[in-house]
Amino acid sequence: MNSRRGQPAEIPVLLVVPPRVLLLDAAGPMEVLRMANREQSAVRFAVRFVGPQDSTQSSIGLAVANIAPLPDRVPDGTLVVLAGSSDPPPGTTASSRKQDALLEASIVRWLKHVIRPGVSLVSICSGALLAARAGLLDGYECTTHYDKVAELARMAPAARVRENRLYVEDGERLSSAGIAAGIDLMLHIVAKMAGHATALAAARYLVVYLRRTGADPQLSPWLDGRNHIHPMVHRAQDAVAADPAHDWSVDELARVAAASPRNLSRHFKAHTGMSITDYVNRLRIALARELIAGSRLQIETVAERAGFASARQFRRAWHRLHGSPPNAMRSADAVSR
């Protein structure tokens with residue numbers, strides 16, 4: 001991530017366009033980044049479209065043009081995004097299939113050349129197969145479209161291929177399942193790099209209300225209660241999502257939402273199905289889950305950083321949402337690794 005004083009931190013993004021590119025694999029994740037750039041000014045995702053040819057037919061027959069050549073090198077901090085490709089359509093000639101194979105081979109050679117520590121590789125759908133051919137998934141957890149999981153396992157026997165996962169993050173290797181799951185993965189990346197509030201705003205604009213987590217298809221806590229269009233309630237939710245650990249009172253959120261405390265409480269309950277206090281605690285628990293999964297912090301420290309007055313208060317709030325204690329999540333995560 002490069003930044004100058006007073007300038008946004010710039011994250012280079014190279015979307016690799018293969019022959020017969022699945023259009024949604026490219027367009028969905030890049031729309032997330034476009035909205036992230038529009039919603040905030042601290043981080044800028046600088047997107048370029050690159051590939052082995054300057055134009056290609058997409059999966060739906062629409063031509064994709066103005067594709068830049070694959071660069072000789074990529075800077076540290078780059079996100080290299082591999083879009084998937086469709087199967088050759090009926091009637092495809094042997095010569096065109098041979099040409100596609102040559103183009104894919106050039107992408108594989110390029111990946112071997114440019115991917116190194118400090119550069120993140122993000123595969124969407126069957127884009128994981130190109131990463132596997134380059135040997136870049138060996139030793140990593142990964143996933144792909146359910147129809148390609150067996151093929152990925154054959155191509156990358158040293159990888160830990162996960163079935164029935166929307167996306168998987170393992171260090172600098174990130175991979176998603178079929179097509180629309182690329183949007184889920186990119187929202188996850190935006191949340192890490194530009195903040196949850198930015199990811200929430202991008203998801204809401206794209207009407208992706210049910211943003212999902214990598215581990216399961218259930219509703220993300222960060223978008224729980226977001227399936228509405230009431231601007232007053234969204235203003236309050238945005239404030240909490242931007243800083244869950246803050247000591248939010250109903251009066252303070254009412255000022256943020258430009259409403260009276262009574263009016264905000266009434267509309268909040270009606271549109272989200274929960275009270276303001278319950279909502280704040282849900283987001284604090286979501287933050288605590290991330291701290292537990294991504295660190296070795298003591299539970300008391302997790303509670304404090306998530307905004308709880310004490311570890312006891314944190315555990316009470318946790319048990320309202322989860323059947324097992326917080327430490328059990330860390331133990332289960334250690335076993336899975």
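User: Which residues touch the most other members of the largest nonpolar core?

Analyst: The model is predicted: local features need pLDDT of at least 70 and side-chain atom pairs count only at pLDDT 80 or more, while totals for chains, interfaces and linings use all residues. Residues are numbered from 1 along each chain as its sequence is written, and side-chain values use heavy atoms, without hydrogens and water. A nonpolar core is a set of buried (under 20% relative accessible area, 1.4 Å probe, protein chains only) Ala, Val, Leu, Ile, Met, Phe, Trp, Tyr and Cys residues joined through side-chain atoms within 4.5 Å. The largest one has 39 residues, and the members touching the most others are V13, F45, V81, V122 and V190.

User: Which element gives the largest share of this core?

Analyst: Elements that give two or more residues to this core are β1, α1 (23-39), β2 (43-51), β6, α5 (181-194) and α6 (196-205). Helices (H or I, at least four residues) and strands (E, at least two) are DSSP runs, numbered from the N terminus. The largest share, nine residues, comes from α5.

User: How do the axes of α8 and α9 cross?

Analyst: Axes are lines fitted to C-alpha atoms, for helices over the stretch in contact (heavy atoms within 4.5 Å), with angles from 0 to 180 degrees between N-to-C directions. The axes of α8 (residues 250-257) and α9 (residues 261-272) come within 9 Å and cross at roughly 85°. With 65 to 115 degrees counted as roughly perpendicular, α8 is therefore, relative to α9, roughly perpendicular.

User: Which residues of α9 does α8 meet?

Analyst: The α8 side consists of V250, D251, L253, A254 and A257. On the α9 side, these meet P261, L264 and S265.

Notes
Buried means under 20% relative accessible area, exposed over 50%, partly exposed in between (1.4 Å probe, protein chains only). Angles under 35 degrees count as roughly parallel, over 145 as roughly antiparallel, 65 to 115 as roughly perpendicular and the rest as oblique.
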